[in-house]
Amino acid sequence: MTDKNDPVNHPAHYTKGTIEALDAIASALSGSEFVGYLKGQIFKYMWRAPHKNKALEDYKKARFYLDMLISREEAKNLRDVPREP
């Protein structure tokens, strides 16, 4: 169970209403556009982390988006694996 106040995985300010902002973004973009979005988020959090008082939180946010990118790539690779007859 995820804490509703988790500032990394589920920030409260992104989960107002019936859909999380990240889900809406994923739905609005093509697959390749969403991958670009994820890469941008990773870059943003890595870039700014050393310049803030909450560097660890930003590194964790970068990891959150990197984990999502990795999961998408793993799922894509599984779909590309030929199945045995």
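Among contacts in the protein between residues at least 6 apart in sequence, what percentage join residues at least 24 apart? The figure is 45%, where a contact means heavy atoms within 4.5 Å.

Good morning. The structure shown above is a predicted model, in which local features need pLDDT of at least 70 and side-chain atom pairs count only at pLDDT 80 or more, while totals for chains, interfaces and linings use all residues. Residues are numbered from 1 along each chain as its sequence is written, and side-chain values use heavy atoms, with hydrogens and water left out.

I begin with the overall arrangement. The protein contains three helices and zero strands; helices (H or I, at least four residues) and strands (E, at least two) are DSSP runs, numbered from the N terminus. Read from that terminus, the order of elements is α-α-α. Of the 85 residues, 22% count as buried, and buried means under 20% relative accessible area, exposed over 50%, and partly exposed in between, with a 1.4 Å probe and protein chains only. The accessible surface comes to about 6600 Å², and carbon and sulfur atoms hold 57% of that area; such areas come from the Shrake-Rupley method with a 1.4 Å probe, and for residues, only the protein chains shown count as cover.

The largest nonpolar core has 11 residues, among them Val8, Leu22, Ile42 and Leu69. A nonpolar core is a set of buried Ala, Val, Leu, Ile, Met, Phe, Trp, Tyr and Cys residues joined through side-chain atoms within 4.5 Å. Helix 2 and helix 3 are the elements that give two or more residues to this core, and helix 2 gives the most, with five. In general, nonpolar side chains in soluble globular proteins tend to be buried together. Leu22 touches Phe34, Tyr37, Phe64, Tyr65 and Met68, leaving out residues up to four places away in sequence.

The buried residues of helix 3 include Ala55, Lys61 and Phe64, and its buried residues pack against helix 1 (21–28) and helix 2.

Finally, consider two residues. Asp58, in helix 3, is buried, with a relative accessible area of 0%. Beyond its neighbours within four places in sequence, Asp58 contacts Tyr45, Arg48, Ala49 and Lys52. Gly40, in helix 2, is partly exposed at 35%.
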